[in-house]
Amino acid sequence: MSTTMQSPRQQAGREDDDALVERFGSSRRSRFSRHVILCAIGLFMMYPLMWLVSSSLKPNGLIFSDLSLWPAAWHPANYTEGWTALEYDFGVYFSNSLVIVVLSIIGNLFSCSLAAYGFARLDFTGRKLFFALMLGTMMLPGHVLLIPQYILFAKLGWLNTYYPLLVPNFLATNAFYIFLMVQFMRSLPTELDDAARIDGCGPFRTFWSIILPLCRPAFATTAIFTFISVWNEFFGPLLYLTDPELYTVPLALRQFVDSEGQSAWGPMFAMSVLSLAPIIGFFIAGQKYLVKGIATTGLK
Amino acid sequence: MTASAAEAAVMPEAVRPPAPLRGRRRARRDRAGYLFLLPWFIGMLFTIVPFFASLYLAFTDYDLLTPPEWIGLENFTAMFSDPALLQSLKVTFVYTFVSVPLSLAAALGVAMMLNRGIRGLPWYRAVFYLPSLLGASVAVVLLWRYVFGLDGIVNAFLGRFGVEAIAWTSDPDYALTTLIILHIWTFGSPMVIFLAGLRQIPVMYYEAAAVDGASRWRRFRSITLPLLSPIIFFNLIQSLIASFQTFTQGFVMNNGGGGPANSTLFYNLYLYQQGFNQFNMGYASAMAWTLLVIIAAFTALTFISAKYWVNYDN
């Protein structure tokens, strides 16, 4: 996918690199051995995932006795069995997770872009102080806030609702995304704002009509990172959701081992595959943005 | 600069700010800024108030039902004689100080192999980066339990070399090792940051060094390491802070118990048990602040040490 997207400049760069490697005397043979080592590491790392997919398609009895990746006997019924194995069927858990993810993305895009525009493009009293404070919260370990926040949400009657998981995202509490957008907005020429002002745009109009459309790459990065982290999120739902009807996919998956069933491996692996599929899909679709995003902010 | 000055010269009279309105304009500008930051300000309330509230709770006995009762330093002194707490500190320290250096070394090593003149870079990068997105998910931690199970593929693989089956997940001597391996498996995100950093190092430095006859190791020691040191520093701080707060891996690996024999009882897992199973909110808050101080101390140490090994003048 990405090879076809390479710009001519990158290709030129690669030729330079090749020439460079040759000048350093690293032979074709050493380059070959480098590929062998990298492929071996890659295979090692991918093996557990491939084993997961293969096990999800094997009958229970074969999972631990037949170690080949290509199933000797196929049992796709694991997927239908797993789908209905728990109290509610997985459609419920998937739609719960989806609702939380979509609203979290909207919340982060909305609140973080507002804050980022304020920090990056506007001048106001105390801007530097607030910006430093924002950077400080990036380093603050979340567990310090955990207990008072839990008490607060309990007092608000928000236990067993999605509010504790969603509302913070609408309040720009994720400083990483603000920082990412600030970095991006700072790279846009300020002449744009000046031109807009001369044409009579106020700050809101400038934000909405000039800056926002240009920030699409930063938004894509934020959306993908939010998707992955919220989809994987385990601690928050574990803490705030006790009603199985509200469970997200990770909470539901854990029930496979929580309940009696140390034996329903096939269905469990089948649902594990389904739970990872959206992340892998987003990863393939948005790799460009992810790589750029973590290179500029060090997001995980 | 000159461009905007030229623009100012041709600006119509009406747009130019009249001097007496300065103060009012300033206020209007402030108001716009504060409006944009409004959600963030409210969000900060959700951060700052709990921050100080948990500091207060750390000095109290609080079970959520009766009002908090001030007990001074009792929570903190109790921590020193709590064997489970000391165990959870040990688990977290061992986990952090083994897995962070190993995963950063793996990240740097692979990034250097990928850096220059390699075909198929996007593919390799994707393969190495993907696990770091999955490492914290419940599905992968569950998978790990079975990959390292008694009749899992790891034992089957080792068995070919004559190694006897190891009870990775149920033997207290090995349980943490499996989680350290899981951490190393996710070296992809620091690797991508290293790759970006390596790309910034000018090729001519290496050319000059090669002309001078510097060996491969010498070029790594004298060019790559110093020029990459700010990024190593950044990755180190990030990984330390994240690793001190490990939770899901310990929770899912052994059904929330931190077993076997508390060998995967991470600090945050024990904090969760104290707060939300035992409802010792005061004690849990004291634990939270203790960890904050520990993290701050290690971060500060890393910052102080940076003077001796991080190179900022390029």
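Reader: Which residues of helix H7 (residues 163–170) of chain A are buried?
Author: Keep in mind that this is a predicted model. In H7 of chain A, the buried ones are Pro164(A), Leu165(A), Pro168(A) and Asn169(A). They sit on the same side of H7(A), because the arc they cover around the axis is only 130°.

Reader: What about the backbone just after H7(A), which residue has a positive phi?
Author: That's Ala172(A), with a phi of about 50°.

Reader: Okay, over to chain B. How many residues of its helix H7 (residues 138–147) are buried?
Author: Nine of the 10, so H7(B) is largely enclosed by the rest of the structure. The buried set is Val138(B), Ala139(B), Val140(B), Val141(B), Leu142(B), Leu143(B), Trp144(B), Tyr146(B) and Val147(B).

Reader: Pick Met181(A). What does it touch, leaving out residues up to four places away in sequence?
Author: Met181(A) touches Cys112(A), Ser113(A), Ala116(A), Cys215(A), Ala218(A) and Thr222(A).

Reader: Now the contact between the chains. How many residues from each?
Author: Chain B puts in 76 residues and chain A 74. On the side of chain B that touches chain A, H3(B) gives the largest share, 11 residues. By class, that side of chain B has 55 nonpolar, 16 polar and five charged residues.

Reader: Switching to domains. How is chain A divided?
Author: Into domain 1 (3–83) and domain 2 (90–297). Their contact takes 14 residues from domain 1 of chain A and 11 from domain 2 of chain A.

Reader: Which helices supply the domain 1 side there?
Author: Helix H2 (28–55) and helix H3 (77–83) of chain A each supply at least two residues. The largest share comes from H3(A), with five residues. That side has six nonpolar, six polar and two charged residues.

Reader: And the domains of chain B, where do they run?
Author: Domain 1 of chain B is 18–76 and domain 2 is 78–309. Their C-alpha centres lie 33 Å apart. The contact takes 13 residues from domain 1 of chain B and 10 from domain 2 of chain B. On the domain 1 side, helix H3 (38–57), strand S1 (60–61) and helix H4 (74–80) of chain B give two or more residues each. The domain 1 side splits into seven nonpolar, three polar and three charged.

Reader: Last topic, the whole of chain B. What's its secondary structure, and is it spread out or compact?
Author: Chain B has 15 helices and two strands. Its radius of gyration is 27 Å, well over the 20 Å that the globule rule gives for 314 residues, so chain B is more spread out than a compact globule. The C-alpha trace of chain B spans about 85 × 70 × 35 Å along its principal axes.

Reader: How much of chain B counts as buried?
Author: 37% of its 314 residues.

Methods: Residues are numbered from 1 along each chain as its sequence is written. Chains are lettered from A and ligands numbered from 1 in the order in which they are written. This is a predicted model: local features need pLDDT of at least 70, side-chain atom pairs count only at pLDDT 80 or more; totals for chains, interfaces and linings use all residues. Domain bounds come from an automatic or database domain assignment. Two residues are in contact if their C-beta atoms, placed from the backbone, lie within 7 Å. Helices (H or I, at least four residues) and strands (E, at least two) are DSSP runs, numbered from the N terminus. Ala, Val, Leu, Ile, Met, Phe, Trp, Tyr, Cys and Pro count as nonpolar, Asp, Glu, Lys and Arg as charged, and the others, Gly among them, as polar. A residue is buried if 20 or more other C-beta atoms lie within 10 Å of its own, exposed if 12 or fewer, and partly exposed in between; C-beta atoms are placed from the backbone. The arc is that of the directions from the helix axis to the C-beta atoms. The radius of gyration is taken over C-alpha atoms; the globule rule is 2.2 Å times the number of residues to the power 0.38.
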